[in-house]
Amino acid sequence: GGGFTSAGGSSASKIAKWDGTSWSALSSGLDGKCYTIEIDNNGNVFAGGEFNMAGGFFTNNIAKWDGTNWSALGSGVNAQCYAIATDNSGNLYAGGFFTNAGGVAVNQVAKWDGTNWSAMGGGVEYFCLALDVDDSGNVYAGGMFTTAGGVSANSIAKWDGTTWSALGDGLNSECWAITFDEN
């Protein structure tokens, strides 16, 4: 994903797939930049960024590719989506600089259960740039924030499904990526 219009010499609007030999487009792609991609346990591809359309469908900054077609996640999010993570239960978590997800008031982070968007407590007060989920279903958010759910959390925090908590004293600058050691 990115801001490109071709991959390997073939037309590909902002998102493309490499099969080990060649590049291919995902339908007509996206009409704006793709900032994040996540694949769930069922092989669905989720793209987030700064776009209105995916494959000709109105998707509002976040969309799902099922291998054949693009679809919207409700009415999407009202501003940039910078991070996506999925858990083993089929939930998707999105982070960015948005205050509305599917008509629900949120603060930069939201949960999609496959049907509806919901807030994650009080969210974070500024940009969420990174997300990941551990094997226990805890969601970790990184970005440019000083509070998560009203709790002091410098650029990184944990959501346990109910409450936000800080990771020690946090970081002294923004967090752009989070991952877990799967070993």
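This is a predicted model: local features need pLDDT of at least 70, side-chain atom pairs count only at pLDDT 80 or more; totals for chains, interfaces and linings use all residues.
The chain carries 6 positive and 17 negative side chains. The centres of these two sets lie 8 Å apart. The accessible surface of the chain comes to about 8,800 Å². Carbon and sulfur atoms account for 45% of that surface.

Now the fold. The chain has 22 strands and 0 helices. Its radius of gyration is 16 Å, close to the 16 Å that the globule rule gives for 183 residues, so the chain is as compact as a globular protein of that length. Along the principal axes, the C-alpha atoms fill a box of roughly 45 × 40 × 30 Å. Of the 183 residues, 44% are buried. Contacts can be sorted by sequence separation. Among those with a separation of 6 or more, 30% join residues 24 or more positions apart.

Turn to the aromatic rings. How many aromatic pairs does a search of the whole structure find? The search finds 10. One of them joins tryptophan 65 and tryptophan 70: the ring centres are 5.3 Å apart and the planes stand at 50°, so this pair is tilted. The cut-off for buried is under 20% relative accessible area.

Tryptophan 112 has a relative accessible area of 9% and is buried. Tryptophan 117, at 7%, also counts as buried. Other rings are linked into a cluster. Which residues do ring pairs join there? They are Tyr35, Tyr82, Phe97, Tyr126 and Phe127.

Valine 45 touches Trp65, along with Ile37, Glu38, Ile39, Ala63 and Lys64, when residues up to four places away in sequence are not counted. Valine 45 is found in strand β6, which covers residues 45-50. At 14% relative accessibility, valine 45 counts as buried.

Most residues other than glycine have a negative phi. Two residues here go the other way. Lysine 14 is not a glycine, yet its phi is positive, at about 75°. Where does lysine 14 lie? It is in the loop between β2 (10-11) and β3 (16-18). Lysine 14 is buried, with a relative accessible area of 15%.

Serine 27 also has a positive phi, near 55°, and it is a residue other than glycine. Serine 27 sits in the loop between β4 (23-25) and β5 (33-39). With a relative accessible area of 43%, serine 27 is partly exposed. Lysine 14, at 15%, falls in the buried class instead.

Notes: Residues are numbered from 1 along each chain as its sequence is written. Side-chain values use heavy atoms; hydrogens and water are left out. Rings of Phe, Tyr and Trp (its six-membered ring) pair if their centres lie within 6.5 Å; planes under 30 degrees apart count as stacked, over 60 as edge-to-face and the rest as tilted. Buried means under 20% relative accessible area, exposed over 50%, partly exposed in between (1.4 Å probe, protein chains only). Helices (H or I, at least four residues) and strands (E, at least two) are DSSP runs, numbered from the N terminus. The radius of gyration is taken over C-alpha atoms; the globule rule is 2.2 Å times the number of residues to the power 0.38. Contact means heavy atoms within 4.5 Å. Accessible areas come from the Shrake-Rupley method with a 1.4 Å probe; for residues, only the protein chains shown count as cover. Lys and Arg count as positive and Asp and Glu as negative; His and the chain ends are not counted. The place of a charge is taken as NZ of Lys, CZ of Arg, CG of Asp or CD of Glu.
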